Amino acid sequence: MSALTLLKAPTSGEIVERLDTAAGPDRQPVADMVDLAVLVRAVLDIEAERPARVRLGGNGFEVVVTSSSVQALAAVEWMDEQQGGCGPVIEDPEAGWLYWLVPPGTRSRWERHPYAECVGGPHTITLPPLTRHAPPGPYWLRPKGADRLVPAGPLREVLIQTRPEPAPHAALAAHLTRTSPSSP
């Protein structure tokens with residue numbers, strides 16, 4: 001063996017894991033660092049092509065939840081045609097829902113809708129890996145691009161026209177009550 005040994009530099013995920021392990025059972029972040037810690041973990045998950053849990057609202061995005069019915073898929077197609085690409089949409093086949101990623105602040109302006117519910121902070125959502133474009137599990141029906149979210153106004157209108165049922169209101173309220181402040 002030579003005197004010069006090449007060492008592999010640890011990845012950012014390995015560094016965070018080592019720090020967590022070294023901290024022992026009291027590895028809760030300081031109160032003002034919670035958001036940063038959550039963001040760093042989400043980035044590390046995305047980097048590792050794992051599902052990433054992110055908080056809704058703030059400067060990121062919120063979600064409009066609809067069924068994933070044939071009518072909802074028709075709404076995606078319409079948005080593709082009218083918008084030159086729909087914007088990011090996640091399909092959750094198990095729940096039977098679509099999650100439309102809309103601009104932050106949409107929830108505060110979203111009036112009651114017969115076919116959709118808008119969810120924001122303090123809830124979180126688990127984003128599938130960016131490379132997942134088919135089941136099993138939630139996947140990107142329309143991929144997340146850096147340049148756009150789904151515009152809430154046109155989405156609201158197309159959902160009135162296509163009428164995706166069943167409406168998610170009762171099931172989503174029950175889910176949010178069970179998991180609050182967890183993900184939709």
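This is a predicted model: local features need pLDDT of at least 70, side-chain atom pairs count only at pLDDT 80 or more; totals for chains, interfaces and linings use all residues.
In soluble globular proteins, nonpolar side chains tend to be buried together. In the present model, the largest nonpolar core comprises 20 residues, of which Val64, Trp100, Val150, Leu155 and Leu159 touch the most other members. Two or more residues are given to this core by each of the helices α3 (70–83) and α5 (152–162) and by each of the strands β4 (97–102) and β7 (139–142). Another core, made up of 17 residues, lies apart from the largest one and has Leu56, Val65, Ile90 and Ile125 among its members.

When residues up to four places away in sequence are not counted, Val64 is in contact with Leu98, Tyr99, Trp100 and Val102, with Trp110, Ala116, Glu117 and Cys118, and with Leu155 and Leu159.

Turning to the backbone, a cis peptide bond with omega of about 10° links Gly121 to Pro122, and Pro122 is placed in the loop between β5 (117–119) and β6 (124–127). A cis peptide bond also runs from Pro135 to Pro136, where omega is near 15°, and Pro136 belongs to the loop between β6 and β7.

Positive phi values are found in residues other than glycine as well. Glu49, which is not a glycine, has a phi of about 60° and is situated in the loop between α2 (34–47) and β1 (52–55). For Arg163, phi is positive and near 55°, and the position of Arg163 is in the loop that lies between α5 and α6 (169–179).

Technical notes
Residues are numbered from 1 along each chain as its sequence is written. Side-chain values use heavy atoms; hydrogens and water are left out. A nonpolar core is a set of buried Ala, Val, Leu, Ile, Met, Phe, Trp, Tyr and Cys residues joined through side-chain atoms within 4.5 Å. Buried means under 20% relative accessible area, exposed over 50%, partly exposed in between (1.4 Å probe, protein chains only). Helices (H or I, at least four residues) and strands (E, at least two) are DSSP runs, numbered from the N terminus. Contact means heavy atoms within 4.5 Å.
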